[in-house]
Amino acid sequence: MRWWISIGMLCAVGALACGDVADVAAAPRAQPTQQLSEKEAAASVDVELIIAVDVSYSMDLDELAIQREGYAQAISSKEFMQALKNGPHGRVSITYFEWAASGDQKIIIPWRLIDGPESADAVAAEIMKTPIRRASRTSISGAIYFAVPLFDDDPYRGLRRVIDISGDGPNNSGAPVTIARDAALAKGIVINGLPIMVKEPSYSTMDIDNLDYYYEDCVVGGPGSFVVPIKSREEFKEAIRTKLLMEVAGRTPQRLPVADNAKEPRVSCSIGEKIWQDRWGR
């Protein structure tokens with residue numbers, strides 16, 4: 001089951017963005033049994049989190065800077081530390097890469113263990129010091145295909161494996177996004193989405209209306225997966241922070257279930273490819 005969260009609902013889904021993070025991270029969970037499951041016994045982190053960030057040309061430099069800063073501030077925030085502290089292991093592993101076309105992915109942060117303020121601050125600083133870049137095309141499928149084998153390189157094993165994808169347009173390069181998504185889900189990986197909708201859709205940037213619907217129906221999936229749409233520049237940092245906190249804390253929104261992937265999508269999952277073909281004839 002997938003879930004949709006608006007910025008206006010962030011308080012309602014757990015006060016993560018309203019200063020009550022300790023209560024959320026420490027919310028009631030199933031009582032641990034004396035015998036740990038085989039998976040729990042083998043796990044060394046609460047979650048293996050891949051952050052996949054869109055750097056296509058439709059993202060302007062200001063958006064890219066705010067996005068970078070949002071992730072860095074979220075990872076080093078006291079709320080993130082509180083969520084981390086309340087996890088079963090109290091630590092997570094994170095890798096961060098940027099993507100554009102189907103063959104254009106660049107790892108900014110290789111796998112890093114975050115187990116407290118010092119390691120979190122080091123990751124945040126590394127994110128911020130990397131020069132901002134932009135590239136052509138938008139391949140969400142390429143980002144997913146690139147992300148999945150990265151889990152094999154992670155020296156840590158988590159209770160959950162999550163790909164966190166942010167982007168401002170539909171897939172228009174590489175394989176169909178649903179094929180890539182389904183392949184990841186088959187491996188037990190959860191995909192969450194951060195559709196960026198701060199500009200009016202235009203032909204020049206190949207943006208679409210209802211990008212949040214597209215992400216809900218064509219991109220995200222897996223148990224407890226969710227979408228947090230960003231509809232104004234002012235929402236950037238708050239949305240990123242809330243999304244990361246929910247992923248680290250293993251929280252699932254309690255409202256607005258979204259249709260399962262098996263149902264008819266509200267926006268064509270091949271809309272990006274069609275727009276590109278109509279515009280360029282290839």
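The notes below cover a disulfide, a strand pairing and a helix pairing. Please keep in mind that this is a predicted model.

**The disulfide**
- A search of the whole structure turns up 1 disulfide.
- Its partners are C218 and C269, with an S to S distance of 2.0 Å.
- The link ties together distant parts of the chain, 51 residues apart: C218 sits in helix α9 (residues 211–219), while C269 lies in the loop between β8 (257–258) and α11 (271–280).
- The torsion about the S-S bond of C218 and C269 is about -85 degrees, so this disulfide is left-handed.
- Are these two cysteines, C218 and C269, buried or exposed? Both C218 and C269 are buried.

**The strand pair**
- Strand β3 (residues 92–99) pairs with strand β4 (residues 105–114) in the antiparallel sense, over 7 bridges.
- Together β3 and β4 make a hairpin, with 5 residues between them.
- To find your way in this pairing, look for W99, which stands opposite Q105 in β4.

**The helix pair**
- Two packed helices are described by the angle between their axes and the distance between the axes.
- For helix α6 (residues 140–147) and helix α8 (residues 177–186), the axes come within 8 Å and cross at roughly 25 degrees.
- That angle is under 35 degrees, so α6 and α8 count as roughly parallel to each other.
- The crossing in which α6 passes α8 is left-handed.
- On the α6 side, the contact is made by I140, S141, I144 and Y145; on the α8 side, by V177, I179, A180, R181 and A184.

Technical notes: Residues numbered from 1 in each chain as written. Predicted model: local features only at pLDDT ≥ 70, side-chain atom pairs only at ≥ 80, totals over all residues. Heavy atoms only, no water. Disulfide = S-S within 2.5 Å. Helix = DSSP H or I, 4+ residues; strand = E, 2+ residues; numbered from the N terminus. Buried < 20%, exposed > 50% of the residue type's maximum accessible area, 1.4 Å probe, protein only. Pairing = 2+ DSSP bridges. Axes fitted to C-alpha atoms, helices over the stretch in contact; angles between N-to-C directions. Parallel < 35°, antiparallel > 145°, perpendicular 65-115°, else oblique. Left-handed = near helix turned anticlockwise from the far one by under 90°. Contact = heavy atoms within 4.5 Å.
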